[in-house]
Amino acid sequence: MQTKRTIFGNKGLPYLLLAPQLIITGIFFLWPAGQAVYMSFLREDAFGMSSTFVGLRNYTRLLDNAEYLDSVKVTLVFSVATVVLALGLSLVLALAVDRMIRSARGYTTLLVWPYAVAPAVAGILWWFIFNPTIGIMPYVLENLFGYDWNHSLDPDDAMTLVVIASAWKQISYNFLFFVAGLQSIPTSLREAAAIDGAGPFKRFWTITLPLLSPTTFFLLVVNVVYTLFETFAVIDATTEGGPAQATNILVYKVFQDGYVGLNFGSSSAQSVILMGLVVVLTFIQFRFVERRVTY
Amino acid sequence: MKFSKIAAATAASVLALSAQASAQTQIDWWHAMGGELGEKTEALATAFNASQSDYVVVPSYRGSYTETMTGAIAAFRAGEQPNIVQVFEVGTGTMMAAQGAIVPVHQLMEQTGTPFDPSAFLPAVVGYYADPQGNMLSMPFNSSTPILYYNKNVFEAAGLDPEQAPRTWAEVEAFSRQIMSSGAADCGFTTGWVSWAQLENFSAWHNQQIGTLQNGFGGLETELTVNGPVTVRHWDNLAAWQEEGVFQYGGPGGGADAPPAFYAQQCAMYMNSSASRAGVLNNTPDFEVGFGMLPYYEDVAGAPQNSIIGGATLWVLAGGTAEEEAGVAAFFNFLSSPEVQAQWHQDTGYLPITQAAYELSEAQGYYAANPGADVSINQMNLNPPTENSRGLRFGNYVQIRTIIDEEFQRLLAGEVDAQGALDAVVERGNTLIRDFEDANG
């Protein structure tokens with residue numbers, strides 16, 4: 001048997017073919033990331049007229065800063081809640097659609113719609129629905145349950161709002177992958193288990209869920225990154241990190257301190273920390289969680 | 001043959017185009033005026049362009065005040081800055097400190113030989129935007145001050161005199177309770193811009209110090225002092241009133257939820273910028289609106305003093321050619337003419353920034369025809385400004401505004417009392433002021 005090997009006559013050709021990808025990574029990732037690392041060691045005025053090298057001071061000040069540590073906690077609560085909600089709900093919906101035969105396509109289309117909505121638009125929609133003065137939900141909550149909803153003052157209300165809004169955005173995406181994952185599970189396995197007398201719950205826990213684990217794992221990684229970075233627009237449109245920083249997640253704080261506050265040193269240090277955090281998280285996920293995944 | 005003809009024609013037309021472009025110098029102007037105000041702003045540029053043929057001012061809407069300012073700074077760092085940028089009053093400290101990045105207006109006018117008389121402007125406006133020597137650094141454009149709006153129909157339904165705005169906070173409270181118990185409205189009052197109206201202007205109006213060194217005008221070493229007993233008492237009251245529904249919180253920043261609460265007749269009184277006048281009148285076709293000065297606590301010595309301005313000025317960024325700078329100077333000269341200013345003032349509710357524009361508006365019968373339109377000017381000129389009521393100037397004040405909002409929210413949520421909230425404002429604010437001093441000192 002011969003191994004299939006392609007031999008390039010020209011030594012430069014493989015590099016040339018790789019170049020577009022490398023250039024894009026370089027320009028859009030390595031260069032800005034390097035710039036952020038460099039800036040995180042500087043103290044600069046807003047216009048960049050003078051800059052001083054301050055070593056690790058931007059980092060040490062962050063770690064001493066109670067608001068920054070609060071933001072870490074807020075991010076943790078927000079990410080876990082959003083990921084659990086987005087994965088859980090979309091799995092339930094996918095399971096429901098998987099049982100449909102004729103109407104599955106229609107439901108799938110409907111459930112994918114929210115993904116087409118821009119995050120900022122989604123944020124504004126939720127802002128309207130939950131607006132304490134003019135929104136419909138506070139009105140319903142007040143009249144049906146006697147609950148006085150006010151996310152501009154109550155930190156828990158605000159957190160609930162951003163979690164719902166962010167999860168809603170991501171459910172469509174997760175749902176699609178779950179539906180595809182479910183369809184790739186051979187029906188014969190489930191039928192065999194059913195013949196052996198396993199009930200629907202037993203079949204779900206022992207057959208469907210384990211066989212779905214590659215999808216679930218992939219979605220876990222994607223969703224964690226989503227909650228850390230892409231929820232910016234939703235937060236900006238609904239709570240702007242408030243009230244009193246109750247929904248000020250790390251990525252929003254980077255924006256606040258850098259773009260609004262013009263404190264580029266601290267903002268860069270924060271994005272470097274955030275970048276490190278994601279690298280570590282992804283590493284942990286691949287190293288430890290993936291072991292439990294059956295492909 | 002054919003090809004060269006086309007090429008020649010193209011070259012000729014390109015040449016013609018560029019000749020046309022070079023005849024007029026383009027001045028880029030970034031502003032933050034959206035909606036109706038944006039249309040009025042663009043109209044100013046159009047009028048200027050029509051009035052002469054040397055320069056073309058190209059206005060460009062850049063989003064909120066914060067976005068416009070940070071966008072211009074980012075553009076400056078990239079060497080792509082506009083000639084003129086509109087910056088809100090709390091950004092003044094940052095812009096002033098950026099020596100080399102800005103061209104002070106008094107210097108620009110001198111260099112270009114444009115006639116310019118700072119004493120023609122309203123003192124409260126000049127004072128806010130001048131350096132310690134009294135030189136004007138930026139061109140006043142849109143200045144406003146918070147006033148009180150009230151719903152005359154609700155006042156009448158509650159058995160109050162619809163022609164009498166509340167003068168003191170005691171009256172605001174008493175009127176609110178009467179309005180609520182009579183069922184005329186659900187809530188007494190709401191406010192936009194908590195930090196601007198209920199802290200900064202509240203302090204000036206009661207002649208209370210906002211920060212050391214003349215509220216920061218005296219130098220970067222200033223410290224906030226807003227945790228005094230008068231302000232603490234007011235914030236405690238606001239928290240208690242919010243609890244009872246007398247006061248309804250409109251949210252951080254400009255307070256997005258405040259205007260709808262007033263327009264929907266939920267709240268009977270509303271404090272916001274005098275420049276909200278046009279918006280208020282447009283949105284309240286179902287009831288009559290009354291205007292009043294900001295309320296004060298009667299027992300505070302020296303109150304009412306005078307209110308301070310907010311709004312924005314036009315800064316000239318460095319890096320323009322001599323021709324462009326001459327164009328900017330001509331445009332500023334046009335903007336400060338009494339006719340243009342009076343029209344702008346009457347269209348928008350912003351203050352007339354020159355004495356002449358005020359007098360012209362009066363002569364045109366504007367105040368007689370529009371009762372309440374002069375409340376803002378009278379309130380700002382009520383007394384000669386003291387060191388506490390001239391204005392304020394702190395570095396990083398954009399973020400300090402956010403801190404004020406955050407601590408106010410913590411107060412309303414019952415996490416701290418007013419003393420604790422204001423102490424935290426002072427402590428967290430001073431840290432930012434020290435940072436600014438470090439980076440710009």
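1. Some ground rules before you start. The model is predicted, so local features need pLDDT of at least 70 and side-chain atom pairs count only at pLDDT 80 or more, while totals for chains, interfaces and linings use all residues. Residues are numbered from 1 along each chain as its sequence is written, and chains are lettered from A and ligands numbered from 1 in the order in which they are written.

2. Domain 1 of chain B puts 16 residues into the contact and domain 2 of chain B puts in 14; two residues are in contact if their C-beta atoms, placed from the backbone, lie within 7 Å. On the domain 1 side, α4(B) gives the largest share, three residues.

3. Next, look at the largest nonpolar core, which has 141 residues. Such a core is a set of buried Ala, Val, Leu, Ile, Met, Phe, Trp, Tyr and Cys residues joined through C-beta atoms within 7 Å. B:L148, B:C267, B:A268, B:V316 and B:F331 touch the most other members. Both domains of chain B give residues to this core, so it lies between them. A separate, second core of 32 residues includes A:V83, A:A122, A:L161 and A:V251.

4. Where do the two chains meet? In the contact, 27 residues of chain B face 24 residues of chain A. On the chain B side, α3 (65-77), α4 (92-97), α12 (258-263), α19 (397-412) and α20 (418-440) give two or more residues each; helices here are DSSP runs of H or I, at least four residues, and strands are runs of E, at least two, numbered from the N terminus. The largest share, six residues, comes from α19(B).

5. Among the buried ones are A:L250, A:V251 and A:Y252. The cover includes α3 (66-99), α9 (200-230), α10 (232-238) and α12 (264-289) of chain A. After α11(A) comes A:L262, with a positive phi near 60°.

Note on methods:
A residue is buried if 20 or more other C-beta atoms lie within 10 Å of its own, exposed if 12 or fewer, and partly exposed in between; C-beta atoms are placed from the backbone. Domain bounds come from an automatic or database domain assignment.
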